[in-house]
Amino acid sequence: MADRRSLPVPDGLDGERADVGLSRLLGLSRTKAADLLADGAAHLDGRPLAKSDRLDSGGWLEVDLPQPEQQPTRPPEPVPGMIIRHEDDHIVVVDKPVGVAAHPSPGWDGPTVVGALAAAGYRVATSGAAERQGIVHRLDVGTSGLMVVAKSERAYTVLKQAFRDRAVTKIYHALVQGHPDPSEGTIDGPIGRHPRHDYKWAVVAGGKDALTHYSTLEAVPAASLLRIDLETGRTHQIRVHTAAIGHPCVGDTTYGADPALARELGLSRQWLHAMELSFEHPGTGLPLTVESEYPEDLDNALTELRTR
């Protein structure tokens with residue numbers, strides 16, 4: 001049985017390829033959108049759509065979505081090492097450990113921030129998809145650090161818009177191989193799916209715009225500690241951009257880091273941590289800054305390099 005969605009094409013998708021437009025409009029992967037189009041499951045003003053067809057603003061879309069398979073629901077469970085850095089009636093800011101996803105998703109059966117908050121008795125906003133309620137931005141499973149979660153419906157609406165408007169300051173620290181020259185600058189390169197490896201991302205023509213500002217905080221043997229200010233928030237953005245300039249995050253073997261160095265430092269993931277979040281509080285309108293500290297594995301690796 002299929003779930004039929006009927007909706008107009010918004011102005012922002014006028015002229016967009018059908019597979020890209022459906023992906024953005026329905027929150028699907030581009031591959032899934034292309035599969036639906038290939039199966040004849042999408043029509044625009046009554047005519048079947050192919051993936052390379054262009055959408056027309058105001059046209060009427062009808063899409064038959066297959067019913068999702070029922071996934072076993074993982075019960076809420078505490079996450080050891082997850083720290084609450086700030087909490088009030090509107091928001092909770094968590095310090096997420098490595099190995100924890102922001103929310104449940106197909107194929108992931110590990111711990112989540114959503115589950116940990118539920119297990120601890122926190123009530124979050126009901127806005128958003130059922131498995132992502134309260135989530136206004138995400139960190140990768142392999143990246144630790146700060147995430148803000150909305151508790152009130154107002155906070156959800158205000159923060160989602162703030163992230164869209166790039167009004168949230170997101171500061172990361174990244175330990176990268178080598179010593180970038182210049183020691184500070186901006187990496188401007190569009191990011192999209194890697195042309196050969198689906199599990200990776202890359203700087204590609206036609207990707208989504210991505211801007212990463214960096215400055216060197218400290219140079220140590222074989223590596224540099226960078227402060228990263230993200231202007232955009234693309235998937236794997238810091239990892240992709242630092243690798244693109246020849247300085248991948250230490251431990252990030254997916255993007256070309258030296259596996260021998262990772263073993264020497266005892267790292268099983270990239271050295272990358274979300275250190276600081278600054279934004280206008282959605283309830284008071286006053287500026288709020290929340291800061292983190294390095295987790296043990298990253299701190300130990302940096303200390304080891306400093307002593308060389």
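The model is predicted, so local features are reported at pLDDT of at least 70 and side-chain atom pairs only at pLDDT 80 or more, while totals for chains, interfaces and linings use all residues. Residues are numbered from 1 along each chain as its sequence is written, and side-chain values use heavy atoms, with hydrogens and water left out.

## Overall form

The protein has seven helices and 15 strands. Its radius of gyration is 21 Å, close to the 19 Å that the globule rule gives for 308 residues, so the protein is as compact as a globular protein of that length. The radius is taken over C-alpha atoms, and the rule is 2.2 Å times the number of residues to the power 0.38. Helices (H or I, at least four residues) and strands (E, at least two) are DSSP runs, numbered from the N terminus. Along the principal axes, the C-alpha atoms fill a box of roughly 70 × 45 × 40 Å.

Of the 308 residues, 44% are buried; buried means under 20% relative accessible area, exposed over 50%, and partly exposed in between, with a 1.4 Å probe and protein chains only. The accessible surface comes to about 15600 Å², and 48% of it belongs to carbon and sulfur atoms. Accessible areas come from the Shrake-Rupley method with a 1.4 Å probe, and for residues only the protein chains shown count as cover. Among contacts between residues at least 6 apart in sequence, 62% join residues at least 24 apart, where contact means heavy atoms within 4.5 Å.

## Helix H1 and its surroundings

Seven of the nine residues of H1 are buried, so this helix is largely enclosed by the rest of the structure. The buried residues of H1 are Ala18, Asp19, Val20, Gly21, Leu22, Ser23 and Leu26. Glycine 27, with a positive phi near 70°, follows H1.

Glutamate 16 is placed in the loop between strand E1 (2–8) and helix H1 (18–26). With a relative accessible area of 24%, glutamate 16 is partly exposed. Apart from residues up to four places away in sequence, glutamate 16 touches Gly21, Arg24, Asp53, Arg54 and Leu55. The C-alpha atoms of glutamate 16 and leucine 55 are separated by 5.5 Å, although the two residues are 39 apart along the chain.

## Glycine 134

Glycine 134 lies in the loop between helix H3 (113–119) and strand E7 (144–150), and at 0% relative accessibility glycine 134 counts as buried. Beyond neighbours within four places in sequence, glycine 134 is in contact with Val124, Ala125, Ser127, Val149, Ala150 and Tyr156. A separation of 17 Å lies between the C-alpha atoms of glycine 134 and glycine 27, which are 107 residues apart along the chain.

## Backbone geometry

Most residues other than glycine have a negative phi, and most peptide bonds are trans. Arginine 166 and alanine 222 have the positive phi values listed below.

Arginine 166 is partly exposed, with a relative accessible area of 39%, and alanine 222 is partly exposed at 44% relative accessibility. The peptide bond from aspartate 181 to proline 182 is cis, with omega near 10°. Proline 182 is placed in the loop between E8 and strand E9 (184–188).

## Cavity and pocket

On a 1 Å grid over the protein atoms alone, a cavity is a set of points where a 1.4 Å probe fits but cannot get out, and a pocket is an open set with protein on both sides within 12 Å along at least five of seven lines; lining residues have an atom within 4 Å of a point. Grid points are joined across faces, edges and corners, and a volume is the space filled by probe spheres set on the points.

The structure holds one cavity of 30 Å³ or more, and the largest cavity has a volume of about 40 Å³. The lining of the largest cavity consists of His137, Leu139, Leu146, Lys170, Ile171, Tyr172, Ala274, Glu276 and Leu277. Strand E8 (169–177) and strand E14 (272–280) each supply at least two of the lining residues.

The second largest pocket holds about 170 Å³ of space. Its lining comprises 17 residues, of which Gly81, Asp95, Lys96, Pro97 and Pro295 lie nearest the centre.
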